[in-house]
Amino acid sequence: MPPARLPPYPEWHQSARHAEGEDRIPMRMAHLFGRTLRDAPGDAELPSHQLLLRGAFVRPLGSGIFSLLPLGWRVVRKVEQIIREEMDAIGGQELYMPVVHPADLWRESGRYRDVGPELTRFQDRAERDMVLAMTHEEIVTDLARSEISSYRQLPMLVYHIQTKWRDEPRARGGLIRVREFTMKDSYSLDRDEAGLGVQYEAHWRAYERIFRRCGLKFVVVGADTGMMGGKSSHEFMALSPHGEDIILLCPNGDYAANREVAEFRRDAPPAEDALPMEEVETPNTTTIEALAKILDVPLARTAKAVFFKGGSGRFVFVVIRGDLEVNETKLRKVTDELTLVPATVEEIRAVGAEPGYGSPVGVQDAYIVADESVRDSPNLVAGANRVGYHVRNVNLGRDYQADIVADIAAAADGHPCPKCGAPFVAERAIEVGNIFWLGTRFSAAMGATYQDEQGESHPIQMGSYGIGSGRAVATVVEQHHDAKGIAWPVTIAPFHVSLLALGKTGDAETVAAADALCADLEAAGIEVLYDDREERPGVKFNDADLIGCPVRLSVSPRTLANGQAELKARTATEATFVPLGEAVAAVTAMLDALRAELSGEPDAADRAW
RNA sequence: CGGGGCGUGGCGCAGUCCGGUAGCGCACCGGUAUGGGGUACCGGUGGUCGGAGGUUCGAAUCCUCUCGCCCCGACCA
């Protein structure tokens, strides 16, 4: 029966959750919303996914949709607070923008048409077209054109931390790739490219500080601009064997790039005189490897044909040297196709080619794209467009013409760095942040202009800069865990200290000592997760290791016999004992030492690139 | 979207091929002992087997349709 009215203060201030005399409620494990799991759900594969589920940080609601339980939400908020501090430090102003947008704004920018089904479109009750925000360039640009009119107002930097929705074709990897997610997006507004350059660099530095403060090891690489358009983009890639992206790193630090855009040095093979074409019989030889073997030539002396159907309907016929792979991102760019899908057998035959024996010689109604490698390599073996036959000594220019000759080859581990020639190291990585040089891509399309000193109007130079906070949290777990569980960097841990009351349940002396420690720690500004449950010590130790607070403090009849508490860092192998009266000071010192390693300043341990 | 796999108490799984009316471990509740690395034992609560339809005397098991989830690929600020 609900009360008719509240009893007078202070009685109502006390609840069943308050212990005698308490004026605030500690976070007791017995009342933590969300319980830890001994076994991870069977469909979780990544360490971060398993541990965040087992530790009661997140729960799935649907494919790529998660609830954040109290522990997980605390971590995310701490990451976001770090982001806020660093954004504010470079002049950012936080604001808030809607997640539902009128489609007309997206039509103005052109993205309503250009972006695929990952943009969710729907109609409201009045049958107006709407979209769910996957990012907010249109809204910022719309705000800018009404709020900004003079060069005197620039430069400007606004940012927001909000939910976005992208209907990914395939969510995967737990929190690494989700459909509903929170990200920080900032948008810079400048009068010219020089100003944009300053803000681009400021973000670069701020991002380095943010990720260092979160304890992430990362590298910055050049990247594709994708659906954002624009001129330049860098990605902040956290190294992880479970990363979706592959990045190529020069061991001398001269170059680092996402495989999607990575260039590599092409050493021109020795010149040869073009020899006459010569057809050879090659039965059952539909792969380049088989061809090289049967004719006993290196892969680099063969030309491979790869067939795509472009979004425009064009048949794209790619010729590349046999030892290289096609990079579809580069190919999309040079062909100006938004999408490329592998061509079907019927489509291939329709242009006069034969799957497995394809050659650009003699095909029709095809857009022929040749990689630089086939221009520079004479006398290659190509297909004969006829089952069971290939042709030796095929030469671009003499035997066929290409519509474009360009770099469309995928860089790979061991390829030479374009700057210094040293062999690349390929690493898997997770993209935790990116910065985009948009230029006037949106402002020109949407009419966001300012007037200069002469009264002339110019489009605003824009940049956009994103960090996925949930992905960053999962990535930290990928980099900071062991067989027992998570080991949070102190800067983003859900609580600073796991306080364990061990020994016989209800032992008055232990409970009193632990209660007192809890109150003293909290009074010192330390966040405590207090394990007061009626559980065996092993259960508490295992849960503390799983949840991963950076410091563990235990009291039990055994430690109290010496007037001590046991202190252990999550990552340490051995515990130490401290007198009860010095426990708070010892915990504070340990936390300070951990914080000192995560100041955001460059560290000698950071890798050169 | 193509290929593969899986949906049985909160979690992990068995049972499905060879229909007979649901089982094990963990968790949870009560109890006894224990009390520093997921302790032991006793006694319990909880599911009608993703959903719909069909075959059958009888369906978790067979058939049809459907929904959802995971993995690989395609795709992806």
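Which residues of the protein are the closest to RNA strand B? In this predicted model, they are Arg166, Arg170, Arg177, Arg536 and Glu566, and they belong to a set of 48 residues that surround RNA strand B.

## The protein chain as a whole

Chain A contains 16 helices and 32 strands, and its C-alpha trace spans about 95 × 65 × 50 Å when it is laid along its principal axes. Of the 609 residues in chain A, 50% are buried. When contacts between residues at least 6 apart in sequence are considered, 69% of them join residues at least 24 apart.

## The surroundings of the RNA

The 48 residues that surround RNA strand B include Arg166 and Glu566, two of the closest. Of the atoms of RNA strand B that come within 4 Å of the protein, 48% belong to sugar and phosphate. Several elements, namely β9 (180–190), α8 (328–335), β22 (425–439), α14 (537–547) and α15 (557–560), each supply at least two residues of the surface near RNA strand B. The largest share of this surface comes from α14, with 7 residues.

An N or O atom in the side chain of glutamate 328 is 2.7 Å from a phosphate oxygen of RNA strand B.

## Aspartate 543 in helix α14

Aspartate 543 has its place in helix α14, the element that provides 7 residues of the surface near RNA strand B. Aspartate 543 counts as buried because its relative accessible area is 10%, which is under the 20% limit. Leaving aside neighbours within four places in sequence, aspartate 543 is in contact with Met29, Thr36 and Arg533.

## Aspartate 371 at the end of a strand

Aspartate 371 lies in strand β18, which covers residues 367–371, and this aspartate is buried, with a relative accessible area of 0%. Its contacts, apart from neighbours within four places in sequence, include Arg266, Val319, Ile320 and Leu324, and also Asp407, Ile408 and Ala409.

Alanine 409 is 38 residues away from aspartate 371 along the chain, yet their C-alpha atoms are separated by 6.7 Å. The backbone nitrogen of alanine 409 lies 3.3 Å from a polar atom of the side chain of aspartate 371. The side chain of aspartate 371 also makes a polar contact with the side chain of serine 373, at 2.7 Å.

## Serine 469 in helix α12

Is serine 469 buried or exposed? Serine 469 counts as buried, because its relative accessibility is 0%. This serine is found in helix α12, which covers residues 469–479.

Serine 469 and valine 75 are 394 residues apart in sequence, but their C-alpha atoms are 9.6 Å apart in space. Not counting residues up to four places away in sequence, serine 469 touches Val76, Val79, Glu80, Thr182 and Met183.

Notes
Residues numbered from 1 in each chain as written. Chains lettered and ligands numbered in written order. Predicted model: local features only at pLDDT ≥ 70, side-chain atom pairs only at ≥ 80, totals over all residues. Heavy atoms only, no water. Helix = DSSP H or I, 4+ residues; strand = E, 2+ residues; numbered from the N terminus. Buried < 20%, exposed > 50% of the residue type's maximum accessible area, 1.4 Å probe, protein only. Contact = heavy atoms within 4.5 Å. Near = heavy atom within 4 Å. Polar contact = N/O pair within 3.5 Å; in protein donor to acceptor, adjacent residues only side chain to side chain.
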